[in-house]
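Q: I have a protein open on my screen and want to go through it with you. Can we start with how far to trust it?

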Amino acid sequence: MRRAHGLAALPRPVAVALGGGGVLGAAHVGVGYALEQRGFVPDLIVGTSVGALTGAIAAAHPDRAAPWLNEVWTNLRRRDVFPFGYLSSQRSAIFNDRGLRRLIAQAELPARIEELPIPFTAVAMDLVTGAEIRLDHGDLESALLASAAIPGALPPVIRAGRTLVDGGVIAYVPVRAAEAAGAASVVVLSTGPASWPVTPTLPRRRPGAIASRAANLQVHHQIELDLHDVARRIPTVVLPTGIDTWPAPWDFSHSQRLIGTASVTAASFLDQLQITGPGLYRADDTTVAAPTTVRS
């Protein structure tokens, strides 16, 4: 089969799928720089959790999203999103969502999802049924708050009679939602250690380390199942970040490092990318490597 080069070879419509991860979403900004520098504009955008906020901004400002987001992330502090000492008055969450609402208000977004220049979907989970809920029309603010409502940390969102929480619980990397939205190919911006191949290791025998390791494995397996399933039908490109040391999801002091590293690594990967048809295209590890195609 003839090999076609780069993003231009992807079948249209092309979706960008942005995963979750709190401050780890700063890597989205670096990857976004690499995409913008190559003139790439997606046909639709799907986001989970922090990826929903990043994705909505990209959908609203497709020609200048990366510089705007760079400014946001490099000036963001933990207290802006997770205000320790200012706990929620609600019994359903530790923190209130005032900081997140403020971020959304500053992003110059339209009131409704369908008013965005690029079609957009935010992914959340129904807390009653466990169903994946794809929010592609209606009020944009409530959709973003729902998609980012970390269970227990931020309050659930009531929308259309449903109680919604963070979409990362069920779709950390929303490639299935991207395909369901009509994508003929998908470019994946995932984040965090759970997005990369598991390194065999035994965590320290402490409750926190064991719980963290188990949670990462659970998310990793969900991501892999979703990626391989979708890649059997359409080209699925996972852009690397080159980051091998990740901060805690609430530690915003590393944003500039995450942005810079991801920008350089994703750019190198994109310049080598060749598409041959349906399959999973990604670097073998966190370092820059030639794209590989994996078929289930």
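Predicted model: local features only at pLDDT ≥ 70, side-chain atom pairs only at ≥ 80, totals over all residues.

Q: OK. How many helices and strands?
A: Nine helices and 12 strands. The protein has 296 residues, and 53% of them are buried.

Q: Of the contacts between residues at least 6 apart in sequence, how many join residues at least 24 apart?
A: 73% of them.

Q: Back to β4. Where does T121 sit, and what does T121 touch?
A: T121 is in strand β4, which covers residues 120-126. Leaving out residues up to four places away in sequence, T121 touches I45, V46, G47, R134, L135 and D136.

Q: Why does T121 count as buried?
A: Its relative accessibility is 8%, and buried means under 20%.

Q: Now the core. Which residues have the most contacts inside the largest one?
A: W73, L109, F120, L135, L144, V187 and L239. That nonpolar core has 68 residues. Another core, of 22 residues, lies apart from it and includes V46, V175, I223 and L280.

Q: Why would nonpolar side chains end up together?
A: In soluble globular proteins, they tend to be buried together.

Q: What does V187 touch?
A: Not counting residues up to four places away in sequence, V187 touches L7, L10, V14, A15, V16, A17, F40, V237 and L239.

Q: And V188, where is that?
A: V188 is in strand β8, residues 185-189. V188 counts as buried because its relative accessibility is 1%. Beyond its neighbours within four places, V188 is in contact with A17, V173, V175, L227, T236, V237, V238 and L239.

Q: How far is V188 from G19?
A: Their C-alpha atoms are separated by 7.8 Å, and the two residues are 169 apart along the chain.

Q: Switching to helices. Is α6 mostly covered or mostly open, and which residues are buried?
A: Helix α6 (residues 140-147) is mostly covered, with seven of its eight residues buried. The buried ones are L140, S142, A143, L144, L145, A146 and S147.

Q: What does D139 do at the start of α6?
A: A side-chain oxygen of D139 comes to within 2.8 Å of the backbone nitrogen of S142.

Q: What does S49 contact?
A: Beyond neighbours within four places, S49 is in contact with G20, S147, A148 and D166. S49 is in the loop between β3 (44-48) and α2 (50-60). At 9% relative accessibility, S49 counts as buried.

Q: How far apart are S49 and A171?
A: They are 9.5 Å apart, C-alpha to C-alpha, and 122 residues apart in sequence.

Q: Last one. At what angle do α3 and α9 cross?
A: Roughly 145°, and the axes of α3 (residues 65-75) and α9 (residues 255-272) come within 8 Å.

Q: Which residues make that contact?
A: N70, W73 and T74 of α3, with S255, Q256 and I259 of α9. By class, the contact between α3 and α9 has two nonpolar, four polar and no charged residues.

Terms used. Residues numbered from 1 in each chain as written. Heavy atoms only, no water. Buried < 20%, exposed > 50% of the residue type's maximum accessible area, 1.4 Å probe, protein only. Helix = DSSP H or I, 4+ residues; strand = E, 2+ residues; numbered from the N terminus. Polar contact = N/O pair within 3.5 Å; in protein donor to acceptor, adjacent residues only side chain to side chain. Core = buried A, V, L, I, M, F, W, Y, C linked by side-chain atoms within 4.5 Å. Contact = heavy atoms within 4.5 Å. Axes fitted to C-alpha atoms, helices over the stretch in contact; angles between N-to-C directions. Nonpolar A, V, L, I, M, F, W, Y, C, P; charged D, E, K, R; others polar.
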